[in-house]
Every structure is written in structure tokens, then in C-alpha cells.
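Notebook open, structure loaded. I'm jotting down what I looked up, one item at a time.

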Amino acid sequence: MLKKLSNVFNITNYYIVLATPLILYSLLSQIYLAISINGKIWQLLCAFIVSSLMFITFLAGWFNMIKIAVSTPIKERPNTLLNDFAKGVGEYFLPVTGAVFNVSIISVILLILAVSLGNKFIGSLNISPDTVSTAFQTPETLKAFLSTLTPDQIQKIKSWYLILTLTTTSTFFLIMFYLPAMFIETKNSFKSLIISWKRLFSKKFINNIGILILITITYLFISILITLSTENLLFNFITTLINFYFIIIIFVGIFYYYNETFCQEHLGQNIDESV
């Protein structure tokens, strides 16, 4: 396992060019949403459609780059990996569209189930959405909001946070191998979902749970760093870069683990640790 982790870091550092599409997409999508949403229904609909197309385009190109990075011989010029972005968009745009639709359905089903369980066993918070929205505008408004809550409401918020966190974690676990199965094994969005679940609940299930726990712990640590850095511009910049690096590490790691564990016989490639 330590050797695999080392290989993941080696691949990520060698192909650090993977950060380029991720950063550009993050910036462009935020800029587009900031200038395109003015509250009108047709503008919101247009922004949703364009944002969805941008998201699918990014996923198709970026994950193709990751697939190439973990499953083919090392490129002598790592920057040439960018050429595989456009190839991925052309090859995987429609399959990724189907995958996004399937993931949306799974997420909605799990969210409805979580909300139903929460309403039954936790109960309503009796707080208006506008109040919650205003509370999270600044650290000061959040402190003022929390000071107005009763002990019962605070306990309910903790319970709701726990159930929604478990729902998000469960959703991520169920789709963790979805895109690796699609990009490495089959482009069929439904078949790749079934294959990913077979891999997920195979004899490697305990290892898969271990990966989820490792990702979750690391994510919580970085979330704490981001929260602490909100009032310090330099610290915030550094934690943002760490967050981008973490995202790349996570998906390179998942693709590498999937390829090495389930597809070694026909696509496996063990990167030299000197890279």
C-alpha cells in the first residue's frame, strides 16, 4: 500500500500539468456564474445548461488525462499530456453526460432518503432558509446566528449535519469507481456503473473502505485549514493550492488503485519510483 501511495505521488508530481485544466475550469466556471446570474428565470436556466456543458467537457478531458497518466508508459515530455484533454472530450463527452445523469439520480434518491429519515428521527429546525443564508455570509453573522439558537436547535443542527455528511460520504463511495470503470473498461454509462459496483463490493471491499476513510480524513483536515485561512490572504492562497493538489492526488490515486487492482492484467503499468 505504501508503495502504491508513493507511486501516486510520483505520478501526480511528474504530471503536475494535470493542475492546469482543473484551475482553469474552476476560475472560468466561477467567473461565468458571477456574470451570468441576475435572478431571471431564463438566465438561470441558460447558466445551468452552459455550466453543465462546461462541467461535462472538463470531466471528459481531465479524466482522460488521468487515465493516460496512470495506465500508459510515461511520456518523456509530461506537458504533452494536455493533448489528451481534447481527445478525451471527443471520445467521452456522451458517456460522461450519461454518467452525470446517473450520478444525479443516485444523489437525489439518497438525499430524499436522508431527509425523510432526518424529518422522522430528528425533526425540523424551525429556521427559515433566508436566516440560514444570511448567517453564512461572514464569520460575524455566523457567530451572531449561533448565539440565538437554543440548545435543542444546536443539537438538531449537529444531527442534521451528521446525517447529511454520511449521505454525502455514502454517495461518493457508491460512485468512487464509476469514472475509472468508464474510462478504463467500457464507455457504456450504465454498464460501467454496474462494473464499478462489482469492483466496489468485491473481495477488495475492506481495502476500498480503507481508501474512503483515508480520503475522508484528509478532506476533513484540508477543510479545517481552509476554514482557518479565511482571514489571511497568503494562508488562504496556500491552502487553495493545497486543495487543488489534494483533488488531483485523490483522483489520480483512485484511477491508479483501480487500474492496478482490477485491470492489471491488460492495462496495468507500474511507474518507476525514480520519476
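I started with Thr239, which is found in helix α11; helices (H or I, at least four residues) and strands (E, at least two) are DSSP runs, numbered from the N terminus. Ground rules before going further: this is a predicted model, where local features need pLDDT of at least 70, side-chain atom pairs count only at pLDDT 80 or more, and totals for chains, interfaces and linings use all residues. Residues are numbered from 1 along each chain as its sequence is written, and side-chain values use heavy atoms, with hydrogens and water left out.

**Thr239.** Is Thr239 buried or exposed? I get a relative accessible area of 2%, so Thr239 is buried (buried means under 20% relative accessible area, exposed over 50%, partly exposed in between; 1.4 Å probe, protein chains only). A polar atom of its side chain lies 2.9 Å from the backbone oxygen of Asn236. Leaving out residues up to four places away in sequence, Thr239 touches Leu225, Ile226 and Ser229 (contact means heavy atoms within 4.5 Å).

**Helix α10.** Next I looked up α10, residues 205-228. Its 24 residues reach 35 Å from first C-alpha to last, close to the 34 Å expected at 1.5 Å a residue (the expected span is 1.5 Å times one less than the number of residues). The buried residues of α10 are Asn208, Ile211, Leu212, Ile215, Ile222 and Leu225. They pack against α7 (151-175), α9 (189-200) and α11 (233-262).

**Rings.** How many aromatic pairs does a search of the whole structure find? It turns up 19, with rings of Phe, Tyr and Trp (its six-membered ring) pairing if their centres lie within 6.5 Å; planes under 30 degrees apart count as stacked, over 60 as edge-to-face and the rest as tilted. Tyr25 and Phe55 have ring centres 6.3 Å apart and planes at 40°, so I logged the pair as tilted. Tyr25 lies in helix α2 (residues 19-36) and Phe55 in helix α3 (residues 41-71), so this pair ties together parts 30 residues apart in sequence. Trp62 and Phe63 also form a tilted pair, 5.4 Å centre to centre with 55° between the planes. Trp62 is buried at 1% relative accessibility, and Phe63 is buried at 3%. Ring pairs link a cluster that includes Tyr25, Phe55, Trp62, Phe63 and Tyr92. I also found the charged end of Lys187 sitting over the ring of Tyr92, 5.5 Å from its centre (NZ of Lys or CZ of Arg within 6 Å of the ring centre and within 35 degrees of the ring normal).

Key: A polar contact is a pair of N or O atoms within 3.5 Å; within protein, one must be able to donate a hydrogen and the other to accept it, and residues adjacent in sequence count only if both atoms are side-chain atoms.
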